[in-house]
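Welcome to a short tour of this structure. Take a moment to look it over before reading on.

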Amino acid sequence: MILYINACVREASRTDKIARAVLEKLGGEYTEVYLPRENLKPLSEEKLNKRTGLIARGDYSDDMFNYAKQFAAADKIVIAAPFWDLSFPALLKLYIENIYAVGIVSEYEADGTPHGLCKASEIIYVTTAGGAYVPDYSFGYIKDLAENCFGIPKTTLIKAQMLDVVGFDAEEIVANTIENIKI
Ligand SMILES: Cc1cc2nc3c(=O)[nH]c(=O)nc-3n(C[C@H](O)[C@H](O)[C@H](O)COP(=O)(O)O)c2cc1C
């Protein structure tokens, strides 16, 4: 199963447009999680206590683990997230907070080293930026999580940048990015 995690809030999102071209190249069949519609909430103390208790008992039957189970079972994951404030929309961080369940996406060795439990062979991270794209706090973070915590060995970045800078033709840049998708 290909999982599409869509963190694009704008209807005319260029990031989503590129991501859908990627998904078409991958075969066109995918399960989409459209984050703006998912009613994700930050972990409260109450929810955290409940989650910690369930994990300690090895009980993963609660619905709160559904996102984590879906993520861990995916064969390939495409994330679409525009470049916001040197990073990505908070919705994507909320999603990560909600999937990071020990025992489903990751487990820990005796020395504290995480060991990934996810099945996916790759995360393809698609982004667009108004100016020059800096990967440190967006793609870089997802890559570290994938490789060091989730056990997903490959992360690929597909990006279009300078889309909001006067003098640059955004439509052409997006079209070129789509034409040059290599996956
Ligand atoms: C809240 C917000 C924050 C942004 N922050 C940045 C930024 O830090 N650097 C940048 O180059 N562009 C920034 N932009 C511009 C977006 O990255 C750019 O317009 C992008 O293509 C939007 O993606 P979309 O068309 O998929 O919505 C920001 C836009 C918004 C709405």
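Two strands count as paired if DSSP finds at least two bridges between them. Helices (H or I, at least four residues) and strands (E, at least two) are DSSP runs, numbered from the N terminus. This is a predicted model, in which local features need pLDDT of at least 70 and side-chain atom pairs count only at pLDDT 80 or more, while totals for chains, interfaces and linings use all residues. Residues are numbered from 1 along each chain as its sequence is written, and side-chain values use heavy atoms, with hydrogens and water left out.

**The sheet**

Let us begin with strand β1 (residues 2-6), which pairs with β2 in the parallel sense over four bridges. Here L3 has T31 in β2 as its bridge partner. Both strands belong to an open sheet of five strands with parallel pairing, in the order β2-β1-β3-β6-β7. Because β2 (31-34) and β7 stand at the edges with a single partner strand each, one side of each is left without a neighbour in the sheet. On average, neighbouring strands of this sheet are turned by 15° against each other, direction ignored.

I124, for example, has T156 in β7 as its bridge partner. From β6 the chain crosses through helix α5 (residues 139-150) to β7, and this β-α-β crossover is right-handed; that term applies if, with the strands pointing away from the viewer, the path from the first strand over the helix to the second runs clockwise.

**Helices in contact**

How do the helices meet? Axes are lines fitted to C-alpha atoms, for helices over the stretch in contact, and angles run from 0 to 180 degrees between N-to-C directions. Contact means heavy atoms within 4.5 Å. Angles under 35 degrees count as roughly parallel, over 145 as roughly antiparallel, 65 to 115 as roughly perpendicular and the rest as oblique.

| Helix pair | Axes come within | Crossing angle |
|---|---|---|
| α3 (residues 66-73) and α4 (residues 90-99) | 7 Å | roughly 90° |
| α4 and α5 | 13 Å | roughly 10° |

So α3 and α4 are roughly perpendicular to each other, and α4 and α5 are roughly parallel to each other. In the contact of α4 with α5, L92, K93, I96 and I99 of α4 meet Y141, I142, L145 and F150 of α5. Between α3 and α4, Y67, A68 and F71 meet Y95, N98 and I99.

**A salt bridge**

What does D16 form with R20? The two form a salt bridge, their closest N and O atoms being 3.1 Å apart; the term means a side-chain nitrogen of Lys or Arg within 4 Å of a carboxyl oxygen of Asp or Glu. Because D16 and R20 are four residues apart in helix α1 (residues 14-25), about one helical turn separates them. The structure holds eight salt bridges.
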